[in-house]
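Please look over the chain below, starting with its overall outline and then turning to its charged side chains.

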Amino acid sequence: VAHILDDALKPVQLGDSGELCIAGPGLALGYRNRPELTSEKFVTLPEMGRVYRTGDLARILPSGDIDCMGRIDAQIKLRGYRIELEAIEAELVRCPGILEAACRVQGSGGREELAAWVVTALDDIEFSAIRDQLTERLPFYMVPSCYGRTDALPRTVGGKVKRDALPEQAPALGDDGPVVGAETELERCLVAAAAVVLAMPAASISVDADFFLGCGGTS
């Protein structure tokens with residue numbers, strides 16, 4: 001039996017998305033020799049009994065069919081926008097030299113940034129060029145501001161990417177052009193305020209930089 005449940009493990013309305021959970025007599029007892037994972041994934045609910053939380057996002061269509069929409073951990077909300085990480089990763093692997101890619105949010109306390117980790121066949125890769133290509137294909141809020149290389153993406157036994165196991169900090173990618181200094185009093189005030197918010201030296205902030213893509217700012 002398939003159930004689509006919300007964050008409180010209650011059934012969602014028809015057409016709404018939620019976590020796909022499985023119940024019924026064929027349900028497994030749990031993960032062998034992994035009690036913590038078993039308790040996390042296999043839960044008992046008053047109205048449904050014991051269910052398995054798949055971690056997959058799904059919805060029930062008017063036809064009664066189940067539409068699987070990808071992994072729940074592949075969806076994030078950043079700067080007020082809901083972002084599909086898999087959509088960014090699909091564009092990253094279209095870039096020359098990138099074999100695999102995975103994205104995650106790094107930072108906290110209002111300083112969250114979108115980071116991309118890539119496996120590449122190139123010894124020297126220009127992430128600024130990668131960012132420019134993504135800017136042409138994706139909305140600005142889906143373009144990572146931080147990039148890093150890794151020899152391999154962390155994966156589960158089943159082969160799924162473990163985004164929470166990616167390195168915690170990818171280097172921020174700033175603007176490549178020269179720093180244009182402030183000339184007016186208003187520009188100096190804005191640069192000083194940005195330096196405080198971004199925790200960056202004021203001298204490194206160009207007045208013509210993109211606050212989000214060039215400086216790694218958030219709303």
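The model is predicted. Its secondary structure comprises 4 helices and 10 strands, and along the sequence these elements run β-β-α-β-β-β-β-β-α-β-β-α-β-α. The radius of gyration of the chain is 22 Å, well over the 17 Å that the globule rule gives for 219 residues, so the chain is more spread out than a compact globule. Along the principal axes, the C-alpha atoms fill a box of roughly 70 × 40 × 35 Å. Of the 219 residues, 37% count as buried. The chain exposes about 12700 Å², and carbon and sulfur atoms supply 54% of that area. Among contacts with a separation of 6 or more, 52% are made by residues 24 or more positions apart.

Next come the charged pairs. The structure holds 8 salt bridges. In one of them, the side chains of R53 and E19 meet at 2.8 Å, N to O. Because R53 lies in strand 4 (residues 49–60) and E19 in strand 2 (residues 17–23), the pair ties together parts that are 34 residues apart in sequence. R53 counts as partly exposed, at 25% relative accessibility, while E19 counts as buried, at 7%.

Another salt bridge joins D67 and R59, at 2.9 Å from N to O. D67 is partly exposed, with a relative accessible area of 23%, and R59 is partly exposed as well, with 31%.

E91 and R137 form a salt bridge of 3.5 Å, N to O. This pair links distant parts of the chain, with E91 in helix 2 (residues 85–92) and R137 in helix 3 (residues 127–137), 46 residues apart. E91 counts as buried at 15% relative accessibility, whereas R137 is partly exposed at 32%. The two also belong to a network of salt bridges that links E91, R94 and R137.

The last stop is R104, in strand 8 (residues 98–106). What does a buried arginine do here without a salt bridge? Side chains of opposite charge can pair when their charged atoms come close. For R104, the nearest side chain of opposite charge is that of E168, 6.1 Å away. The side chain of R104 instead reaches the backbone oxygen of L166 at 2.9 Å. Leaving aside residues up to four places away in sequence, R104 touches L85, E113, L114, A115, R163, D164, L166, P167 and E168.

Terms used
Residues are numbered from 1 along each chain as its sequence is written. This is a predicted model: local features need pLDDT of at least 70, side-chain atom pairs count only at pLDDT 80 or more; totals for chains, interfaces and linings use all residues. Side-chain values use heavy atoms; hydrogens and water are left out. Helices (H or I, at least four residues) and strands (E, at least two) are DSSP runs, numbered from the N terminus. Buried means under 20% relative accessible area, exposed over 50%, partly exposed in between (1.4 Å probe, protein chains only). Lys and Arg count as positive and Asp and Glu as negative; His and the chain ends are not counted. A salt bridge is a side-chain nitrogen of Lys or Arg within 4 Å of a carboxyl oxygen of Asp or Glu. A polar contact is a pair of N or O atoms within 3.5 Å; within protein, one must be able to donate a hydrogen and the other to accept it, and residues adjacent in sequence count only if both atoms are side-chain atoms. Contact means heavy atoms within 4.5 Å. The radius of gyration is taken over C-alpha atoms; the globule rule is 2.2 Å times the number of residues to the power 0.38. Accessible areas come from the Shrake-Rupley method with a 1.4 Å probe; for residues, only the protein chains shown count as cover.
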